[in-house]
Amino acid sequence: QVQLVESGGGLVQPGGSLTLSCAASGIALDVYTISWYRQPPGKQRQLVATITSNNNTIYADSVKGRFTISRDNAKNTVYLQMNSLKPDDTALYYCNGRVLPGAPAYWGQGTQVTVSS
């Protein structure tokens with residue numbers, strides 16, 4: 001059974017930090033490209049950050065310089081370190097895993113991040 005489980009969401013004040021985790025079971029994340037997506041209220045899901053099996057990373061312009069995606073293969077977990085959070089970062093955050101473009105993708109159920117004073 002393949003599962004991706006996000007955790008670490010919560011309420012944080014603007015300028016604060018939060019670290020999200022995506023823990024995998026049934027697959028080995030070290031051979032997957034893992035992406036974090038988010039869906040703000042009333043908006044479509046958007047790509048936030050991606051890390052490849054070679055640890056190459058890309059970020060959406062809206063989060064570059066503030067968010068860091070990383071992986072711990074021993075823990076089969078991918079992280080999203082979120083700094084300098086803004087109210088516009090409020091969203092349901094999902095992780096996604098895919099071996100190759102066009103291959104079946106796996107999604108977690110999401111973790112809520114709310115940035116508010």
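User: What does the accessible surface of the protein chain come to?

Analyst: Accessible areas come from the Shrake-Rupley method with a 1.4 Å probe, and for residues only the protein chains shown count as cover. Here the accessible surface of the protein chain is about 6200 Å², and 47% of this belongs to carbon and sulfur atoms. Please note that this is a predicted model, in which local features need pLDDT of at least 70 and side-chain atom pairs count only at pLDDT 80 or more, while totals for chains, interfaces and linings use all residues. Residues are numbered from 1 along each chain as its sequence is written, and side-chain values use heavy atoms, with hydrogens and water left out.

User: How many helices and strands does the protein chain have?

Analyst: Helices (H or I, at least four residues) and strands (E, at least two) are DSSP runs, numbered from the N terminus. The protein chain has 0 helices and 11 strands.

User: What percentage of the residues count as buried?

Analyst: Buried means under 20% relative accessible area, exposed over 50%, and partly exposed in between (1.4 Å probe, protein chains only). Of the 117 residues of the protein chain, 38% count as buried.

User: Which residues touch the most other members of the largest nonpolar core?

Analyst: In soluble globular proteins, nonpolar side chains tend to be buried together. A nonpolar core is a set of buried Ala, Val, Leu, Ile, Met, Phe, Trp, Tyr and Cys residues joined through side-chain atoms within 4.5 Å. The largest such core holds 27 residues, and Trp36, Leu80 and Tyr93 touch the most other members. Elements giving two or more residues to this core include β4 (33-39), β8 (77-82) and β9 (91-98). With 4 residues, β3 gives the most.

User: Is Leu85 buried or exposed?

Analyst: Leu85 counts as buried because its relative accessibility is 2%. This residue lies in the loop between β8 and β9. Contact means heavy atoms within 4.5 Å. Leaving aside neighbours within four places in sequence, Leu85 is in contact with several residues, among them Val12, Leu18, Phe67 and Val115. The C-alpha atoms of Leu85 and Phe67 are separated by 8.9 Å, and the two residues are 18 apart along the chain.

User: Is Pro41 buried or exposed?

Analyst: Pro41 is exposed, because its relative accessible area is 62%. Pro41 lies in the loop between β4 and β5.
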